[in-house]
Amino acid sequence: MKELVVLSGKGGTGKTSVTAALAALGAGEVLADCDVDAANLHLVLGTHGEAAHPFVSGHTAVIRTDDCSDCGECARLCRFDAILAETVAGRIRFRVDPIACEGCGVCVHFCPSGAIDFPSSTCGWWGTSRTRFGALIHAALDVGAENSGKLVTLVREQARKAATAAGADLVLVDGPPGIGCPVTASLTGADLVLLVTEPSLPALHDLGRIRELARHFAVPVVVCINKCDLNPRLSDRIAEFCRDQGIPVVGRIPFDPLAGDAQIAGVSLVEFAPESPAAAALAAMWEDIRGALATAPQPKG
Ligand code: SF4
Ligand code: SF4
């Protein structure tokens, strides 16, 4: 089984649209949406038969008021100002702000009355849905919740399990934008990363940064220049950068005004306008990606 991860470095390059097109072209037997802060692949693929599970990670302190002696030690020790002192019936009482609590456990350890519980926190969900191409493993973090890297890792693990159960030979992963912890969690151990970029200076800058990240984790990279005809000079500059770095450019996708209509219709461009130049370029790119996957070295570890 191989794992292809689609990343962009910068948001707004059309990463999810490209992922949906690849799914429609045959890469979507098992899909994983690892953009857990703003998952949207399901909007294009159309899902049904959801089975959702809570995502439990970390802990939150809770003071048992009846056992608390109001000594204030926890508020003094908390580095995150997560313990609030409130006057109730003329008496100062302490309670934990669950949003501010980082779950470090210091107050639990040092409370002289043993009055602080430390239950696990539910900070999102993950689930499996069916799409018209195959299974989609997706997830969402609650607003303000952290640990998105852990949730990304969980989504990838579940996608690999689903692929093993289905006998699929490819997992297609829609990764998060940026270069932070969730991106690292998305690409480590992958067989191939497809970097979707666009002809703009910020995109070129971010392409270099995410290229470095992939190089650090020894993951091979190929590049797709989306909306390449909007600025041919910058597209050539990106291609030149890729040539200097030894990165194959597997696709130059022209801008297609029908892409927005396809999104509104809830389908990929290759389904909505299969005869369009952009759809033809996406199909040709998929063939090149298949070739790159076939020759990709086994990931380490
Ligand atoms: S340290 Fe324990 S006893 Fe003291 S105020 Fe906090 S919860 Fe109450
Ligand atoms: S667990 Fe840590 S962050 Fe949360 S209230 Fe206690 S000391 Fe503060």
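## A strand covered on both sides

Both faces of strand E12 are covered, with Val221, Val223 and Ile225 buried on one side and Val222, Cys224 and Asn226 buried on the other. Buried here means that 20 or more other C-beta atoms lie within 10 Å of the residue's own; exposed means 12 or fewer, partly exposed is anything in between, and C-beta atoms are placed from the backbone. Six of the six residues of E12 (residues 221-226) are buried, so the strand is largely enclosed by the rest of the structure.

E12 runs parallel to strand E11 (residues 192-197), and five bridges join the two. One of the pairs is Val193 with its bridge partner Val221 in E12. Strands count as paired if DSSP finds at least two bridges between them.

## What kind of model this is

This is a predicted model, so keep the thresholds in mind: local features need pLDDT of at least 70, side-chain atom pairs count only at pLDDT 80 or more, and totals for chains, interfaces and linings use all residues. Residues are numbered from 1 along each chain as its sequence is written, while chains are lettered from A and ligands numbered from 1 in the order in which they are written.

## The overall layout

The protein chain has eleven helices and 13 strands. These are DSSP runs numbered from the N terminus, with helices (H or I) needing at least four residues and strands (E) at least two. Of the chain's 301 residues, 45% count as buried, and its C-alpha atoms fill a box of roughly 75 × 40 × 40 Å along the principal axes.

The chain splits into domain 1 (2-54 + 124-295) and domain 2 (61-118), with bounds that come from an automatic or database domain assignment. The C-alpha centres of domain 1 and domain 2 sit 44 Å apart.

## Strand E2 and its neighbours

In strand E2 (residues 30-33), Val30 and Ala32 point one way, Leu31 and Asp33 point the other, and all are buried. E2 runs parallel to strand E9 (residues 135-141), joined by three bridges, and also parallel to strand E10 (residues 170-174), joined by four. Leu31 takes part in both pairings: its bridge partner in E9 is Leu136, and in E10 it stands opposite Leu172.

## Two helices, each with a buried side

Helix H8 (residues 232-245) has 14 residues and reaches 20 Å from first C-alpha to last, close to the 20 Å expected at 1.5 Å a residue; that expected span is 1.5 Å times one less than the number of residues. Ser235, Ile238 and Cys242 are buried in H8. Seen down the axis, they fall within an arc of 60°, so they line one face of the helix; the arc is that of the directions from the helix axis to the C-beta atoms. Turned away from that side are the exposed residues Arg233, Glu240, Arg243 and Asp244.

Helix H11 (residues 277-295) should span 27 Å with its 19 residues, and its end C-alpha atoms are 28 Å apart, which agrees. Its buried residues are Ala278, Ala279, Ala281, Leu282, Met285, Trp286 and Ile289. They cover an arc of only 145° around the axis, which puts them on the same side of H11. On the other side, Glu287, Ala294 and Thr295 are exposed.

## Around the ligands

Of the 13 residues around ligand 1, Cys68, Cys71, Glu73, Cys74 and Cys111 come nearest. A residue is near a molecule or strand if its C-beta atom, placed from the backbone, lies within 6 Å of it. This shell divides into eight nonpolar, three polar and two charged residues. Nonpolar covers Ala, Val, Leu, Ile, Met, Phe, Trp, Tyr, Cys and Pro, charged covers Asp, Glu, Lys and Arg, and the others, Gly among them, are polar.
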